[in-house]
Amino acid sequence: MRYTARPSAHFAHPLPNIAPDVAMRNLLKAGIRRFVTPDSRHPIGDKHATVIAVSVQKGGVGKTTTTVNLASALARHHDKRVLLIDLDPQGHVTTALSAQVRPGGGALSRVLTDEQTTDEVMDVVTATDIPNLSVTPFDANLGSAEDLMGTRIGKEFLLRDALRVTRTHYDFIVIDCPPNLGNLTLNGLCAADQVLIPCDPSPLAVKGVDAVVQTITRIASRLNPDIDVLGILMTRVDGRNRKLNDTVTDKIRETYGDVMLPVSIGIDTQLAKAQVDGQDIFTFAPTSRAAKQYRELADLIVAS
Ligand SMILES: Nc1ncnc2c1ncn2[C@@H]1O[C@H](COP(=O)(O)OP(=O)(O)O)[C@@H](O)[C@H]1O
Ligand SMILES: [Mg+2]
């Protein structure tokens with residue numbers, strides 16, 4: 001039945017010549033818009049962050065080490081405002097920076113799973129002693145969030161949506177993804193502009209690269225057409241084990257030659273020691289080879 005009742009003074013629409021049913025539709029639209037546009041709690045900033053997901057389907061290749069030290073290099077050496085998102089339930093970002101992460105922040109899992117919340121990622125971050133660098137702190141519920149996320153409509157885009165305003169306050173957002181292809185990683189990739197793929201010189205690492213490239217290709221065609229591969233970063237390169245390095249590197253170059261980055265990260269025990277001390281490499285060993293190489297990586301990304 002056609003809606004003919006006169007709109008009450010309270011609901012009177014500002015354009016009196018619009019038919020009442022159209023007015024009703026507009027009111028409904030305005031109501032829905034309230035849910036999809038940011039509220040005044042989140043003032044829009046003047047930046048538009050590049051979102052970099054660090055991802056590969058293998059653990060122990062240097063994802064967290066790369067995420068932490070790249071984010072730090074961008075903040076320290078390029079004066080960029082950087083947000084480091086820990087999407088891995090293991091919470092290794094907080095461990096790696098335990099001496100530098102300040103208390104505070106909240107649960108990223110709540111932002112990703114609570115249907116009622118209007119909180120953004122920026123509501124759960126905390127500062128670090130590194131100027132310009134914020135992080136999402138360790139969240140014990142992130143693991144169980146993975147299943148809950150799977151039940152939500154638009155499950156691949158929960159993180160992207162929760163970054164809508166947040167990304168206007170940062171120059172770079174760097175995401176440490178878990179070593180699998182679950183909902184958390186999918187959310188990281190769907191929020192990303194670029195994917196950085198660390199690869200250590202081991203035969204298994206090549207499989208991990210193949211898996212993430214396949215996933216990126218599918219995501220590009222179905223979910224996030226803007227996603228791009230920033231590059232494959234060779235990590236833990238052991239100068240003394242030339243043969244293995246060359247075999248793996250040649251295999252990757254054969255398939256992915258054009259996306260191999262010109263910078264690589266050598267084996268450097270200072271990186272592991274820095275993590276034990278809970279510091280980024282630029283604080284722990286600023287003159288180390290690893291510090292120089294991670295700085296080169298940041299230089300390359302800023303220049304591109
Ligand atoms: N270039 C490197 N040289 C030496 N040790 C490294 C290097 N990169 C990472 N590590 C160490 O290897 C281990 C795994 O690295 P991590 O970054 O945690 O990998 P992932 O996040 O992929 O699981 C850590 O103990 C880290 O300190
Ligand atoms: Mg890790």
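Biologist: What makes strand 2 and strand 4 a pair?

Modeller: Strands pair if DSSP finds at least two bridges between them. Three bridges join strand 2 to strand 4 (residues 133–135), and the two run parallel, so by that rule they pair. Val82, for instance, has Leu133 of strand 4 as its bridge partner. By the way, strands (E, at least two residues) and helices (H or I, at least four) are DSSP runs, numbered from the N terminus.

Biologist: And how many bridges join strand 2 to strand 5?

Modeller: Five bridges, with strand 5 (residues 172–176) also running parallel to strand 2. Asp86 stands opposite Asp176 there.

Biologist: Before we go on, where does the model come from, and how is everything numbered?

Modeller: It's a predicted model, where local features need pLDDT of at least 70 and side-chain atom pairs count only at pLDDT 80 or more, while totals for chains, interfaces and linings use all residues. Residues are numbered from 1 along each chain as its sequence is written, and chains are lettered from A and ligands numbered from 1 in the order in which they are written.

Biologist: Why is strand 2 called largely enclosed?

Modeller: Buried means 20 or more other C-beta atoms within 10 Å of a residue's own (12 or fewer is exposed, in between is partly exposed; C-beta atoms are placed from the backbone). Five of the five residues of strand 2 (residues 82–86) are buried, so the rest of the structure largely encloses the strand.

Biologist: How do you know that both faces are covered?

Modeller: In a regular strand, side chains alternate between the two faces of the sheet. Here Val82, Leu84 and Asp86 sit on one side, Leu83 and Ile85 on the other, and all are buried. Across the 304 residues of the protein chain, 43% count as buried.

Biologist: What angle do helix 2 and helix 12 pack at?

Modeller: About 70 degrees, with their axes 9 Å apart; helix 12 covers residues 289–303. Axes are lines fitted to C-alpha atoms over the stretch in contact, and angles run from 0 to 180 degrees between N-to-C directions. Under 35 degrees is roughly parallel, over 145 roughly antiparallel, 65 to 115 roughly perpendicular and the rest oblique, so helix 2 is roughly perpendicular to helix 12.

Biologist: Which residues come nearest to ligand 1?

Modeller: Gly62, Lys63, Thr64, Thr65 and Ala272, out of 19 around ligand 1. Near means a C-beta atom, placed from the backbone, within 6 Å. Helix 10 gives the most to that shell, with four residues.
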